[in-house]
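Open your viewer and follow along. Each stop says what to select and what is there.

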Amino acid sequence: MGAYSDSYQRSLDDPEGFWLEAARAVDWTREPTRALDTSNAPLYRWFPDGELNTSYNALDRHVENGRGDQVALIWDSPVTGTIRRYTYSELLDEVARFAGALAGLGVTKGDRVIIYLPMVPEAVIAMLGCARIGAVHSVVFGGFAPKELAARISDAQPKVIVAASCGIEPTRVVEYQPIIQAALAITAHQPDKVVFLQRDAAPAELGERDIDWHAFVDGAEPAAPVPMAATDPLYVLYTSGTTGKPKGVVRDTGGHAVALTWSMGAIYDIGPGDVWWTASDVGWVVGHSYIVYAPLLIGATSVLYEGKPVGTPDAGAFWRVIADHGVKALFTAPTALRAIKKLDPDALELKKYDLTKFLTLFLAGERLDPETYRWAHEKLGTPVIDHWWQTETGWAISANPRGIEPMQVKPGSSTMPVPGWDVRILDPDGAELPAGGEGAIALKLPLPPGSLPTLWGDDRRYLKEYLSTYVGYYLTGDSGYRDEDGYLFVMGRTDDVINVAGHRLSTGSMEAVLASHPAVAECAVIGVKDQLKGQVPRGIVVLKAGVDIDEDTLRAELVALVRSDIGPVAAFRDVSVVDGLPKTRSGKILRKTMRGIADGRDEPVPSTIEDASVLDALRAVLVTGN
Ligand code: COA
Ligand code: AMP
């Protein structure tokens, strides 16, 4: 392990030198003279005296350096039957005009803009347009319900919302305007304007506060990039925590640009001019980092795909995109592969396409089960690389660094800590566990550039939820172990966060919804194993005494309630009624025991249980469905 261990060791021994060197790949309006600011530890800041603009780095500089005619973005949308390409010059023009139009609405540095757009190029344009004038964007995923959108509006307090009239799902058109209206009906904060991109599938009827995207952008004066302090926020992205209130993960400007630029070469082995495709959604961190920012920061060509892995039109949808655009590497979630495998187990569709340019498949977002790994590796014949990270970290914590030193793949492992990340496995007392010992995965502070500096407007919550369990460490919320060779195996969450088809969801917020039903006395939601989605939520409710309700009716009402309060993305379809929940004598619900039973494990009866007899009834319901 020559090149990797040299790089890794240097990143920890001399982070100042390591990251100042990496910072040279970014264009600054004021070069940083220092990398890390520790003056307010444990809240760290990167490149405290640097100044730059991310949109300039993602667009203008490539045009100035002769890449103006290179394709920057390919929008491939089987759901609308469209393929549209933007060169760097064209994308710069669109972004600069959008930024100018935003500025015309009085949006300035530090103002927030909520972006509620599906997988259309305008999402990329809006994000980079905000970055251009220093507005802080917050993209909201289309699969959430109005209440979730409202929670984000209330916290971010946007001056403007930029939306589409609809998103297009395989089985239905999702009208966004009613969702926005419902969200704004429950928030005290109101934006000045809502900009709508009208889509043929369901145009919106524009009201007084609304503006049509084209009327807004066409003919607007282009805006110049505004120099930003490296420590200024670039965006806020909300993610699920253990409670119902989403956490506003803040991304800074300078550290993000440096880390993402570095990651494209070091981890993915992708350089300027390469065609790169991330099949995720711009509403998630994977979409932010690897559809939009990283590939454009390095001058690559990024594919933006509006469709599903299967059924658009068939199980060959992904292979068609790779072949059509000469994709060198694809990054997606394992669940997408499982969806393809389910429909086309022998990968017959694969044989119809020329994939000679395709070199690597990268997977993240959820655990890559060895079976899916083996299938993908066997069928594609390329390296299949698992890597592990989260919204908060912004880029990979642990990976097989293809551009530094490709390593042997061990199925089930995301390989080694990436340079910059000091990964430790701790027991509940904070002692480090030896090889093979499973414990909490913690990251020794300071975290590298690109990671969250704090939560939006809430340093205290950041300190409490991430930095207080083990002093001097960031708590990832995942558990895992390292083997004798140092390979990291991430096994699952230690908190009440579940991962459904690569989407991160809070069981706590689902429980709050179930508990709001008048018939429910108490409830629990657990994540149970699912062949396709990895995990799906399962609700277990106890009825109030004396309630007389038909169980099927109750189930349907509860499923509908979660869909309307959290959104279809929760994929909440299963709920069972039981007489009692397993609890400790102090009244704590034994969720781990319930999860074990639901997953078919021979779960030991916890010594702390108040009433062990409820377990048999629970087993009958969870395992046999009776
Ligand atoms: N807007 C509105 N609704 C959405 C949505 C969006 N952007 N994305 C998903 N939904 C809806 C779906 O239509 C579905 O609704 P339904 O209950 O009416 O059918 C529901 O949310 C659940 O969606 P999902 O869990 O994605 O299931 P699916 O059956 O539609 O698709 C996969 C399953 C595996 C094909 C899909 O999850 C997928 O492509 N995953 C790729 C991985 C990924 O993008 N991960 C993100 C992080 S890397
Ligand atoms: P998100 O913040 O939505 O990206 O979700 C991050 C969480 O997804 C992590 O904390 C893990 O629980 C899980 N996750 C992401 N990638 C992996 C991976 N490669 N292996 C195991 N779990 C993963």
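**Stop 1: ligand 1**

Select Glu-169: one of its polar side-chain atoms sits 2.6 Å from an oxygen atom of ligand 1. A polar contact here is a pair of N or O atoms within 3.5 Å; within protein, one must be able to donate a hydrogen and the other to accept it, and residues adjacent in sequence count only if both atoms are side-chain atoms. Next, pick Arg-172, where a polar side-chain atom is 2.9 Å from an oxygen atom of ligand 1. Alone, ligand 1 exposes 940 Å², and the protein buries 85% of that (Shrake-Rupley areas, 1.4 Å probe; for residues, only the protein chains shown count as cover). Then move to Gly-142: a backbone N or O atom lies 3.4 Å from a nitrogen atom of ligand 1.

Before going on, note that this is a predicted model: local features need pLDDT of at least 70, side-chain atom pairs count only at pLDDT 80 or more, and totals for chains, interfaces and linings use all residues. Residues are numbered from 1 along each chain as its sequence is written, chains are lettered from A and ligands numbered from 1 in the order in which they are written, and side-chain values use heavy atoms, with hydrogens and water left out.

Now show the whole shell. There are 22 residues around ligand 1, and Glu-169, Arg-172, Lys-533, Arg-563 and Arg-573 come nearest (near: a heavy atom within 4 Å). Colour by class: nine are nonpolar, six polar and seven charged (nonpolar: Ala, Val, Leu, Ile, Met, Phe, Trp, Tyr, Cys, Pro; charged: Asp, Glu, Lys, Arg; polar: the others, Gly among them).

**Stop 2: ligand 2**

Select ligand 2. Its 15 surrounding residues have His-387, Thr-391, Asp-478, Arg-493 and Arg-504 as the closest. A polar backbone atom of His-387 is 2.7 Å from a nitrogen atom of ligand 2. Arg-493 places a polar side-chain atom 2.7 Å from an oxygen atom of ligand 2. Taken alone, ligand 2 exposes 500 Å², of which the protein buries 93%. Its shell has four nonpolar, five polar and six charged residues.
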